[in-house]
Structures are given as C-alpha cells and as structure tokens.
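Dear colleague,

I am passing on the structure we spoke of, and my notes on it follow below. Please read them with the coordinates open.

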Amino acid sequence: MSDTFQNNHREAENLARDLRRKGIRDERVLAAIGKVPRHLFIDEGLREYAYLDKPLPIEKGQTISQPYTVAYQSELLKLKPGEKVLEIGTGSGYQAAILCEMGADVYSIERYKELYLTAKKRLNKLGYSPNLFFGDGYEGLPEHAPFDKILVTAAPDEIPEKLLRQLRVGGWMVLPLGGRMGQKMTVIKRVSEEKFSESEHGDFIFVPMQKGTEE
Ligand code: SAH
C-alpha cells in the first residue's frame with residue numbers, strides 16, 4: 001500500500017470522525033465516508049479541501065454536496081443491504097459511491113450529459129458499478145420501478161409526483177423541499193398505494209432541480 005493511499009485513507013477516516021462528532025450515528029454511513037476517496041470526485045486544484053466538511057464546485061455550475069449532507073441524507077434512508085435506491089442528481093458520483101459502499105443496488109440519474117459521462121468513468125475506475133442514466137430526474141425510471149428508497153440531491157420547486165409513484169409501498173423518499181432559497185429536509189413515506197406521510201428534518205440549501213436535460 002502506498003503512502004499516498006494511506007494518507008488519503010486517513011483523511012477520509014478523519015472526515016468520518018468529524019461527522020460522528022456532528023451527530024451522524026449510522027455506522028454503515030460512517031464506514032462508507034471513511035472509505036470513499038472524495039478527492040477523486042473533485043478538480044485537482046481543490047485537492048486541499050477534499051476532506052473538509054464543505055460543498056465544493058464541480059462542472060456545469062453544480063456542486064458536490066457537503067459531506068454532512070451526504071451522510072445525513074444517507075442516514076435518513078435507513079438502508080438495508082441490497083435495497084434498491086434511486087438517486088436524483090448523480091453530479092460528481094460521490095453520493096452514489098457512498099450508497100454502493102453501503103451495499104445498495106444503486107440507480108442514479110443526471111440531467112447534464114457531461115456530468116453523467118464523467119461520473120460514469122470515475123465510478124467504474126474506482127470499481128463501483130451503479131446503474132447510471134442520463135435524463136430528467138422528474139421522470140424517474142418507471143421501467144426500473146418500484147424502488148425501496150428514493151434520494152433527491154437537488155431542490156425541486158414542488159414534490160415530484162411521478163417519483164412518489166415509483167416508490168414501493170412501505171418505502172420512502174428523502175428530498176429537500178421549500179423552493180430555491182432554502183429547504184427543509186423531508187421524508188415522504190408511501191404508507192399504502194394511495195396514502196403518503198411526511199416528516200421534516202432540518203434546514204439545508206441545495207442547487208435547484210431543473211427540468212429537462214442539457215449537454
Ligand atoms: N449527488 C451529487 C450532488 C450533486 S448536486 C454528488 O454527490 O455530487 C445536484 C445534481 O443534481 C447536479 O449535478 C444537477 O445537475 C442534478 N440535477 C438537477 N436537476 C436534475 C434533474 N431534473 N434530473 C437529474 N439531475 C438533476
């Protein structure tokens with residue numbers, strides 16, 4: 001094992017420790033954060049910030065979410081190994097890698113072709129193989145539904161109704177709700193075929209979830 005690998009590994013473990021101090025409790029989330037090399041999901045010029053608990057810019061004016069947010073959303077999923085999860089907003093692919101580390105069967109959609117292609121190359125190189133799609137997350141993936149859990153990593157203007165229909169009964173969606181200025185982390189559970197229940201879990205700020213696709 002090279003020194004660089006060990007140093008990176010130590011940095012990831014320190015980040016996990018930091019998140020534990022901030023209140024993240026799910027051991028499988030913390031173990032995944034401690035393993036995934038976040039510096040490989042960002043521009044080399046930002047290397048020194050890779051393991052700080054901060055969001056960072058990626059291509060196309062988007063962001064790689066703050067590690068605390070990634071961990072918090074992952075914790076709210078209460079994943080069991082093998083569960084089928086749909087992520088909206090692949091972005092850098094970091095969140096998808098965390099879900100793969102946690103043993104989920106991961107599906108993820110990204111609306112920017114360039115981000116989709118970069119994330120695909122990166123994740124495959126690292127040995128992760130989530131099912132990645134270039135498309136509009138508002139549509140979800142009806143042909144692969146139902147999902148046990150859905151994780152939305154951009155802020156929609158309103159509840160994406162089509163996604164609710166792609167949840168299995170008993171499953172839930174974790175998403176930031178409240179428009180562009182700031183959102184409440186929200187969990188919407190599909191209680192029965194037609195019944196949903198909602199709970200709120202604190203304030204966050206995400207990039208907007210936009211309709212359609214772009215190059
Ligand atoms: N999960 C990402 C966070 C990226 S930020 C990560 O770990 O890096 C949110 C991402 O959602 C951006 O890449 C943005 O392009 C994407 N996005 C926004 N609206 C979308 C939509 N309708 N469908 C799919 N992706 C969308």
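I start with the aromatic side chains, where ring pairs join Tyr68, Tyr72, Phe204 and Phe206 into a cluster. Please keep in mind throughout that this is a predicted model.

A search over the whole structure returns seven aromatic pairs. In one of them, Tyr107 and Phe133 have ring centres 6.2 Å apart and planes at 10 degrees, and the pair is therefore stacked. Tyr107 belongs to strand E4 (residues 105–110) and Phe133 to strand E5, so this pair ties together parts that are 26 residues apart in sequence. Tyr107 is buried, at a relative accessible area of 10%, whereas Phe133 is partly exposed, at 22%. Another pair is formed by Tyr116 and Phe134, whose ring centres are 6.1 Å apart and whose planes meet at 35 degrees, so that this pair counts as tilted. It too links distant parts of the chain, with Tyr116 in helix H5 (residues 113–125) and Phe134 in strand E5, 18 residues apart. Here Tyr116 counts as buried, with 15% relative accessibility, while Phe134, with 30%, counts as partly exposed.

The charged end of Lys84 sits over the ring of Phe147, 5.4 Å from its centre, and the charged end of Arg111 sits over the ring of Tyr112, 5.0 Å from its centre.

H5 has 13 residues and spans 18 Å from its first C-alpha to its last, close to the 18 Å expected at 1.5 Å a residue. Which residues of H5 are buried? They are Leu115, Tyr116, Ala119, Arg122 and Leu123, and because they cover an arc of only 140 degrees around the axis, they fall on the same side of H5. The buried residues of H5 pack against helix H4 (94–101), E4 and E5, and just after H5 comes Gly127, with a positive phi of about 90 degrees.

Helix H4, one of the elements that H5 packs against, is largely enclosed by the rest of the structure, because seven of its eight residues are buried. Those buried residues are Tyr94, Gln95, Ala96, Ala97, Ile98, Leu99 and Cys100. H4 is followed by Gly103, whose phi is likewise positive, near 85 degrees.

If residues up to four places away in sequence are left out, Ile33 touches Ala12, Leu15, Ala16, Leu19, Pro67, Ala71, Tyr94 and Ile98.

Finally, some points concern the backbone. Most residues other than glycine have a negative phi, and most peptide bonds are trans. Against that background, the peptide bond from Ala145 to Pro146 is cis, with omega near 5 degrees, and Pro146 lies in the loop between strand E5 (131–134) and strand E6 (147–152). Lys60 has a positive phi, near 65 degrees, and is found in the loop between strand E1 (56–57) and strand E2 (63–64), where Lys60 is partly exposed, with a relative accessible area of 35%. Lys78 also has a positive phi, near 45 degrees, and lies in the loop between helix H3 (67–77) and strand E3 (84–88); with a relative accessible area of 56%, Lys78 is exposed.

With best regards

Conventions
Residues are numbered from 1 along each chain as its sequence is written. This is a predicted model: local features need pLDDT of at least 70, side-chain atom pairs count only at pLDDT 80 or more; totals for chains, interfaces and linings use all residues. Side-chain values use heavy atoms; hydrogens and water are left out. Helices (H or I, at least four residues) and strands (E, at least two) are DSSP runs, numbered from the N terminus. Buried means under 20% relative accessible area, exposed over 50%, partly exposed in between (1.4 Å probe, protein chains only). Rings of Phe, Tyr and Trp (its six-membered ring) pair if their centres lie within 6.5 Å; planes under 30 degrees apart count as stacked, over 60 as edge-to-face and the rest as tilted. A charge sits over a ring if NZ of Lys or CZ of Arg is within 6 Å of the ring centre and within 35 degrees of the ring normal. The expected span of a helix is 1.5 Å times one less than its number of residues. The arc is that of the directions from the helix axis to the C-beta atoms. Contact means heavy atoms within 4.5 Å.
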